[in-house]
Amino acid sequence: MKNITFSADENRIQLAREVAQSEHKTLNDAFRDWLSWYGSRKATRAEIEALFERLKYVDAGRTFTRG
């Protein structure tokens with residue numbers, strides 16, 4: 001198992017610990033559950049195209065380049 005170090009607001013960490021405790025878990029266990037869920041998500045091409053279709057009305061007002 002690999003170790004990961006994160007930086008986060010102290011208050012958010014405390015709130016997350018309290019939520020995990022209410023679920024009878026450690027914050028590490030809750031994070032592992034979330035990481036497993038997050039890593040298993042896969043958007044299909046159809047889902048991505050549907051998202052683009054729903055968002056096609058969005059206009060940033062200008063063109064963005066990496067120049």
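**Figure 1. Helices α1 and α2 at the largest pocket of the predicted model.** In this predicted model, the lining of the largest pocket draws at least two residues from α1 and at least two from α2 (27-40).

**Figure 2. Residues lining the largest pocket.** The lining comprises 17 residues, and those nearest the pocket centre are I4, F6, L27, N28 and F31. By residue class, the lining consists of 11 nonpolar, two polar and four charged residues. One of the residues nearest the centre, I4, is located in the segment that precedes α1 (10-22).

**Figure 3. A nonpolar patch on the surface.** The patch is formed by I4, F6, W34, L35, W37 and Y38. Together these residues expose about 670 Å² of accessible area. I4 and F6 belong to this patch and are also among the residues nearest the centre of the largest pocket.

**Figure 4. Helical arrangement and overall dimensions.** The protein contains three helices and zero strands, giving the pattern α-α-α along the sequence. Its radius of gyration is 19 Å, well over the 11 Å that the globule rule gives for 67 residues, so the protein is more spread out than a compact globule. The C-alpha trace spans about 45 × 30 × 25 Å along the principal axes.

Key:
Residues are numbered from 1 along each chain as its sequence is written. This is a predicted model: local features need pLDDT of at least 70, side-chain atom pairs count only at pLDDT 80 or more; totals for chains, interfaces and linings use all residues. Side-chain values use heavy atoms; hydrogens and water are left out. Patches are made of residues with over 30% relative accessible area and no salt bridge: like charges are joined within 9 Å, nonpolar side chains (Val, Leu, Ile, Met, Phe, Trp, Tyr) within 5 Å. Accessible areas come from the Shrake-Rupley method with a 1.4 Å probe; for residues, only the protein chains shown count as cover. A salt bridge is a side-chain nitrogen of Lys or Arg within 4 Å of a carboxyl oxygen of Asp or Glu. Helices (H or I, at least four residues) and strands (E, at least two) are DSSP runs, numbered from the N terminus. On a 1 Å grid over the protein atoms alone, a cavity is a set of points where a 1.4 Å probe fits but cannot get out, and a pocket is an open set with protein on both sides within 12 Å along at least five of seven lines; lining residues have an atom within 4 Å of a point. Ala, Val, Leu, Ile, Met, Phe, Trp, Tyr, Cys and Pro count as nonpolar, Asp, Glu, Lys and Arg as charged, and the others, Gly among them, as polar. The radius of gyration is taken over C-alpha atoms; the globule rule is 2.2 Å times the number of residues to the power 0.38.
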